[in-house]
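Hello,

Here is the structure I promised to pass on. Please open it beside this email and follow along.

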Amino acid sequence: MSKIMDFDRIEKRARQTALIRNIVVYGLLGLWALVVLFPFYWMLLTSVKSQGAYASEIVPQLYTLSPTMQNYLQVFTEADLGRYFANTLIFTVLTTALMLGVTVLAAFAFARLDFPGKNLAFVLFLALMMIPSELVVITNFVTMKNAHLDNTFLGLILPSVSSVFYIYLLKENFAQIPDELYYAAKVDATSDLKYLRKVMIPICRPTIVTVLILKVIECWNSYIWPRLITDDPKMFLVSGGIQQIRESGYGRDNIPAMMAAVVAVSVPLILLFLIFHKKIMAGVARGGTKG
Amino acid sequence: MENKSMKGWLYLLPAILFLGLFMVYPLIDVFVYSFEEGYDFVSQTAEGVGLFNYSYVLHDPYFMQAVKNTFILVAVTVPASTVLALLISLGLSSITRLRNLFQTVYFLPYVSNTLAVGLVFMILFDKTDSAPGLINVLLSIFGVEPVDFIDGPYWAKMLVLCLYTIWVVLPFKILVLTSALASVDETYYKAARVDGTSKARIFRKVTLPMISPTMFYLIITGFIGAFKAYSDAVALFGENLNVAEMNTIVGYVYEVLYDEAGGGYPSFASAAAIILFVIVLTITCINLMVSKKHVHY
């Protein structure tokens, strides 16, 4: 009889410890989620407060009862945010498109074609992955400046195109396609380019989409190269533009408007993330690093 | 045969052009620049060859300030973010409900614009004449005197920079660690539990050895990333980092390279970039040597 009682007590205690452990774990995880989300909440909140209301708050209010869209209007009309958006859009689309063309062709050559020196070339390509961008930016800056390509889209885009990692990623994926498909296509007298277009690209679409999204994120957030090669505010991308809004004094005087700009810059990528979060996270886990 | 070999190289040609022009050539050139003395941007000529650029950079107080800041940043953020990421990942892998939601939320900073969100951190920590800022209000609850974290004392600015850097780098580490933890074979845990092993011991003897390759991968890439810190500092303290005493080595490179008046000094920038590269290479080699000793299987 006492034995059975003991089991009951042990079970009860085990349940209790599990419950306490769960509360602690969920509590701490929730706390970190709060730390991650709070800056986003704060930018959104501040961006809908009117300038006067914000300035009169000595202790910042955690909510507002009179939201206004005035700041968004202002920051697009007074601070040229629209132009930064257009620049970034052009830069992102062209860079990503060029990158995709270059990457697909190179990955196809490495995965499907045979030519002398292929293995050596592939090893050299992989070695390039280890080159830190800080080292090459200096010469690129001098090259582009001397070619008078500063403050042009060409100067922005050209050095941002090549990504060895994506060539590697796509080559690995291409190589998984069975050789028989290629021979069958050859028997039917299909050209290499047609085989690439009609067979390989459709099969590897998921990887290509992942590469595309990662490159778009990289382009949208790029700051260092655009900042170096453009000094005309008319050519700034969103990162440089938001810095310009702050440095020019406009943002420091009108913090709600600056936060409206911050929200506007953040929203496109957050939307992209919400739609593709599984793909993005899987792609990054496979070996992407920031920047 | 001739035709076939030509074809492969033809497909590679665009990649070779881009990589050659914007990666291989600059890589060689940066070493050339760093040894050319008195390089003139406009005429593209140098007066001589020597180590003057290195000695100039090493004697520049701004560079030494940047080195100091970068080392503090590395020493604080790499251990702190790795341990924090490990704790969060362990928490995540011990729950089932809401796990995906938490994972997605935690990854959000990775896709956000560093410059933009940095401004939010700035206004949270800022103390202006009219308002103490939210963080100072929170601190005052605990009886802490308000501190100006953005224009104030050195330690306060460094603290914000470290906090923001950790916030930015954590998503990647959490993501990589949770997938490493998920790939540990359940059998090991079951076997340990049958033997009545305590939770702490399971963690030390099973989990940690199994994820040790991932841990070292994160530590190595963490060191490399932290040594290259720059955008986070710009976001918090503005572009004039030298004045704010918050410059980093990469920031110094760009500062010297980029000059409002036009040219700038590519030779000094190259020397500084190569010094940074040597530091990072040394640390990475040490890391690899340590990891050989400690990574199991």
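**Helix α13 of chain A**

In α13(A), the buried residues are A:V238, A:S239, A:G240, A:G241, A:I242, A:Q243, A:I245 and A:R246. Keep in mind that this is a predicted model. The helix runs over residues 238-247 of chain A, and 8 of its 10 residues are buried, so the rest of the structure largely encloses it. Just after α13(A) comes a detail of the backbone: A:G249 has a positive phi of about 95 degrees.

**Its partner, α15**

Now look at helix α15 of chain A, residues 255-285. The axes of α13(A) and α15(A) come within 10 Å. They cross at roughly 175 degrees. Angles over 145 degrees count as roughly antiparallel. The two helices are therefore roughly antiparallel to each other.

Which residues meet here? From α13(A), they are A:V238, A:I242, A:I245 and A:R246. From α15(A), they are A:M258, A:A261, A:V262 and A:V265. By class, the residues of this contact are 7 nonpolar, no polar and 1 charged.

**The nonpolar core**

The largest nonpolar core has 158 residues. Its largest share, 16 residues, comes from α15(A).

Take A:L170 next. What does A:L170 touch, leaving aside its neighbours within four places in sequence? The list is A:T103, A:V104, A:A107, A:C204, A:T207, A:I208 and A:V211.

**Where the chains touch**

The contact between the chains takes 71 residues from chain B and 70 residues from chain A. On the chain B side, the largest share comes from helix α1 of chain B, residues 2-35. That helix gives 19 residues. By class, the chain B side has 51 nonpolar, 15 polar and 5 charged residues.

**One residue at the surface**

Last, find A:I10. It lies in helix α1 of chain A, residues 2-47. Is A:I10 buried or exposed? A:I10 has 10 other C-beta atoms within 10 Å. A residue with 12 or fewer counts as exposed. A:I10 is therefore exposed. Now compare its position with that of A:F91. A:I10 and A:F91 are 81 residues apart in sequence. In space they are 65 Å apart, C-alpha to C-alpha.

Best wishes

Notes
Residues are numbered from 1 along each chain as its sequence is written. Chains are lettered from A and ligands numbered from 1 in the order in which they are written. This is a predicted model: local features need pLDDT of at least 70, side-chain atom pairs count only at pLDDT 80 or more; totals for chains, interfaces and linings use all residues. Helices (H or I, at least four residues) and strands (E, at least two) are DSSP runs, numbered from the N terminus. A residue is buried if 20 or more other C-beta atoms lie within 10 Å of its own, exposed if 12 or fewer, and partly exposed in between; C-beta atoms are placed from the backbone. Two residues are in contact if their C-beta atoms, placed from the backbone, lie within 7 Å. Ala, Val, Leu, Ile, Met, Phe, Trp, Tyr, Cys and Pro count as nonpolar, Asp, Glu, Lys and Arg as charged, and the others, Gly among them, as polar. Axes are lines fitted to C-alpha atoms, for helices over the stretch in contact, and angles run from 0 to 180 degrees between N-to-C directions. Angles under 35 degrees count as roughly parallel, over 145 as roughly antiparallel, 65 to 115 as roughly perpendicular and the rest as oblique. A nonpolar core is a set of buried Ala, Val, Leu, Ile, Met, Phe, Trp, Tyr and Cys residues joined through C-beta atoms within 7 Å.
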